[in-house]
Amino acid sequence: MSTPKSSSHQNNSNSVKSLPTAGIVPTEQDSDNLLSEPSMEQLLEALTAQVPSQSAEIERLKTWKQDLERLFQFLGDRRVLIAVLEPGTFALRYANAAFCRLAGWEGTPLVTQSNNGWFAETGISLLELFEDCDAKTAEQLYRRHLLHWVFKQFYQIDLDSLRVLDEPVTASVKNSEHREPKFIEFWLGSEQLKITRLNSKIDEFADLPLNLMPVAEREAWLMQPNQLANLADRLKLDNYRVEGLLLLEGFDVTVQEQIRRLTQLLIDRDSMLRPDKFERIDRCLRSLFNADGTLLMRPDGEQVQLLVAKDGQHLQPVVYSMDSLEASHFFKATAANQVWNVPDLRRECRTECDRTLRKMGTQSMLLVPLVVKSVTREGSGQRILGVVGLLCDRANHFNNIDAQHAQELIPAFIAALRQAIQQRFTHINNIHPAVEWRFAQEAERRSWGLPPETIVFADVHPLYGISDIRGSSDERNRAIQTDLLEQFRLGLAIADAVCETQTTHLGEQLRLDLLDYIEHLKQKVTVDMEVRAAEYLNERLEVYFDYFVHCGPRVQAAVEAYRAACENEHNCVYRDRTRYDRMLNLIGTKLQETWARWQEKMQQILPHYCDIECTDGMDHMIYVGKSIDPKFSQFHLHSLRYEQLRAICDCGRTVFRLRAESQINMELAHLVLVQNTTIDIFHNENTEKMFDVKGTRDIRYELVKKRIEKAVDKDAQERITQSGMLTLVYSTEDEWEEYQQYLRYLSREGWVEAKVQTGMVESLQGVSGLKFARVRILPETKSLAEYREVTVVTD
């Protein structure tokens with residue numbers, strides 16, 4: 001920082017042109033004297049030299065001088081930062097030793113020490129000293145103080161209860177002796193200011209009924225967001241003469257601000273493991289602790305990986321066995337689970353890891369173990385994620401204050417790791433709570449740079465079910481047929497009108513083509529015809545509309561009718577298809593709502609994975625087992641299987657209600673696939689599916705899932721699923737005995753009929769030997785007493 005000349009005061013006074021200069025300004029000769037012998041007596045005499053010889057003003061300044069002298073003698077060389085400023089320009093007139101040290105002025109020609117331990121300086125403004133303080137910020141701060149005293153003096157309104165002047169200002173201080181900025185938190189004292197309105201007729205607040213408002217109402221009004229700032233902006237600064245000086249009181253908050261900024265850096269959205277961000281964290285840590293390097297220890301099973309950043313250089317990671325670190329300081333830190341200070345590494349250097357750090361020049365360390373709550377299959381516990389360390393090439397460098405600062409940063413480091421955990425599986429939406437713990441475990445591993453491991457849940461029981469809209473494809477085709485016929489008939493009306501209006505052989509041929517197409521549509525419609533028909537009308541009919549509208553009123557009316565019918569997002573007649581889509585959406589929504597209610601109850605039995613998918617109806621996939629929840633038992637399995645059947649029956653009743661209310665005209669068939677054999681599932685990160693089956697022995701189950709919906713009865717050659725009925729598909733007698741019992745329970749509760757139909761499933765591609773049992777789901781009006789026993793009927 002260059003040394004300003006004594007005449008620099010004039011330049012600084014112009015730096016904030018909108019602010020008035022103070023009414024008390026030292027002369028240039030007095031300023032030179034301040035630099036040579038700035039005693040308190042001389043300083044205040046110089047300040048009062050230009051004041052008119054009014055006895056009251058002189059007495060006021062003498063009293064203030066005495067107060068300042070007593071204050072300065074008391075403060076001496078304490079940590080509190082004190083400075084005296086001119087209002088408006090914020091030019092410094094006095095600064096105590098602590099302030100000068102913070103600014104880097106100690107021992108420079110800029111200041112001279114006086115007998116009372118104070119340093120004097122003329123011509124430097126806070127705008128030059130503070131890096132993040134500009135003219136606008138200074139003016140806002142100045143206006144805030146003026147508003148306080150203007151309200152108090154001219155309107156008898158005391159703003160003390162609103163704490164207008166209590167909010168501190170934090171600013172970074174320029175100091176050429178330090179690479180990193182210093183930070184000061186300060187308050188301004190404006191009690192010594194005297195404010196005079198030059199033109200009493202100018203009232204910035206004349207339009208506001210300030211004195212007419214009740215005190216509580218006025219305070220509530222003033223507390224509205226930005227209200228005080230808006231009022232301060234009204235002040236016409238040129239209409240006020242401000243006399244006196246401002247007192248700055250503050251503290252060096254460099255460490256606190258560094259901790260705050262480092263905490264913010266750790267917990268922001270970017271992962272702390274990104275190279276660029278980790279370098280910034282390393283730089284902040286070395287600055288805060290005045291360290292020469294940082295390290296990160298990451299455990300992985302029986303090994304530990306150590307990463308060291310020294311002098312801004314990231315060294316190659318070194319791997320050690322867990323056994324080799326048993327006598328190390330790292331194990332001591334994690335065992336104590338507290339910040340661990342190693343004053344002199346030379347005195348205790350027992351392991352190869354310690355010796356490696358010693359060879360790098362490290363003599364003292366501060367180790368910070370990171371412990372998080374970790375959920376496992378066995379329950380909750382604590383897990384050591386690793387150790388962050390600060391390194392110094394000098395012995396006995398770190399002290400208890402450093403340890404306290406490191407302790408403050410532990411929550412931020414853990415939060416940063418959890419943020420990194422969440423970002424490891426950003427491609428997955430809404431990880432199911434029952435399996436979230438396993439994804440969190442894997443993310444923790446990867447957050448330390450360890451190689452990925454496949455997420456596997458072994459030996460889980462699958463529970464699969466379908467609620468399928470019966471004949472949905474046919475219903476969709478009928479809707480397509482109805483819409484296309486209507487649109488073609490509207491097109492035919494246009495062709496008829498054209499041919500009647502004029503003689504046109506092309507128009508006649510177009511009319512005959514439309515008639516042929518209509519007859520073809522009456523016979524059969526498929527999904528591909530939906531696209532072909534739209535293209536046909538566009539290319540063979542609609543291209544002529546611009547001409548047709550000029551062929552007469554009748555043709556024009558036919559074209560307008562066609563266009564009106566096609567005026568929608570699909571640009572075609574879409575009436576019946578809209579009705580079909582709405583029914584499909586209504587069925588899916590109501591099924592999901594019903595299933596969600598049952599899922600909430602089923603999760604209370606035992607946490608399990610469940611996924612649903614809605615297309616033409618709804619299908620669900622449940623996985624349950626010890627690998628998901630260690631409390632799993634056979635009772636939990638059987639309870640969930642029975643609740644699954646009850647939930648599907650309730651889904652059937654939901655459809656009955658919709659039909660009874662004439663909201664839909666569709667029927668649903670329901671199926672549950674039974675399998676006692678467990679399977680292994682894994683999360684495949686290369687697909688959009690949450691889980692795939694693992695191993696060839698589980699492929700059969702997936703094949704059955706894909707093909708069972710279309711399966712037919714081997715004897716009757718009809719679909720095994722029937723409208724309004726629940727079908728169970730199984731393989732073994734053990735499976736049937738278990739589910740036969742469930743059917744009896746369902747009948748006793750009035751969910752299904754007592755009559756059970758059974759049969760063999762015709763062999764599917766790659767799958768044979770399946771059997772089925774089928775029962776009719778009862779609406780809610782049936783009496784429970786009618787259904788007591790399960791009767792088995794073999795087809």
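User: Is Gln 156 buried or exposed?

Analyst: The model is predicted, so local features need pLDDT of at least 70 and side-chain atom pairs count only at pLDDT 80 or more, while totals for chains, interfaces and linings use all residues. Residues are numbered from 1 along each chain as its sequence is written, and side-chain values use heavy atoms, with hydrogens and water left out. Buried means under 20% relative accessible area, exposed means over 50%, and partly exposed lies in between (1.4 Å probe, protein chains only). With a relative accessible area of 61%, Gln 156 is exposed.

User: Where does Gln 156 lie, and what is its phi?

Analyst: Helices (H or I, at least four residues) and strands (E, at least two) are DSSP runs, numbered from the N terminus. Gln 156 lies in the loop between helix H7 (135-154) and strand E4 (169-173). Although Gln 156 is not a glycine, its phi is positive, at about 55 degrees.

User: What is the phi of Gln 717?

Analyst: Gln 717 sits in the loop between helix H23 (699-707) and strand E22 (725-730). At 47% relative accessibility, this residue counts as partly exposed. Gln 717 is a residue other than glycine, and its phi is positive, near 55 degrees.

User: Which residue just after H12 takes a positive phi?

Analyst: Helix H12 (residues 329-336) has His 329, Phe 330, Ala 333 and Thr 334 as its buried residues. They cover an arc of only 135 degrees around the axis (the arc of the directions from the helix axis to the C-beta atoms), which puts them on the same side of H12. Just after H12, a positive phi of about 55 degrees is taken by Asn 337.

User: Which residue with a positive phi follows H13?

Analyst: In helix H13 (residues 352-359), Cys 353, Asp 354, Thr 356 and Leu 357 are buried. Their arc around the axis is only 160 degrees, so they lie on the same side of H13. An α-helix has 3.6 residues a turn, so residues three or four places apart point the same way. With a positive phi near 105 degrees, the residue that follows H13 is Gly 361.

User: How many salt bridges does the structure hold?

Analyst: A salt bridge is a side-chain nitrogen of Lys or Arg within 4 Å of a carboxyl oxygen of Asp or Glu. One of them joins Asp 160 to Lys 152, with the closest N and O atoms 3.9 Å apart. Asp 160 counts as partly exposed at 41% relative accessibility, and Lys 152 as partly exposed at 34%. The number of salt bridges in the structure is 40.

User: How far apart are the closest N and O atoms of Asp 282 and Arg 286?

Analyst: Asp 282 and Arg 286 are four residues apart in helix H11 (residues 275-289), which means that about one helical turn separates them. Both residues are buried. They form a salt bridge, and the distance between their closest N and O atoms is 3.2 Å.

User: How many residues apart in sequence are the parts tied together by Arg 646 and Glu 749?

Analyst: The side chains of Arg 646 and Glu 749 meet in a salt bridge of 3.1 Å, N to O. Arg 646 counts as buried at 16% relative accessibility, and Glu 749 as partly exposed at 32%. Because Arg 646 lies in helix H22 and Glu 749 in helix H24 (residues 733-749), the separation in sequence of the parts they tie together is 103 residues.

User: How are H21 and H22 oriented to each other?

Analyst: Axes are lines fitted to C-alpha atoms, for helices over the stretch in contact, and angles run from 0 to 180 degrees between N-to-C directions. The axes of helix H21 (residues 575-605) and helix H22 (residues 634-660) come within 9 Å and cross at roughly 155 degrees. Angles under 35 degrees count as roughly parallel, over 145 as roughly antiparallel, 65 to 115 as roughly perpendicular and the rest as oblique. H21 and H22 are therefore roughly antiparallel.

User: What is the relative accessible area of Leu 537?

Analyst: Leu 537 is placed in helix H18 (residues 527-540). Its C-alpha atom is 8.0 Å from that of Gly 491, a residue 46 positions away in sequence. Leu 537 is buried, and its relative accessible area is 0%.
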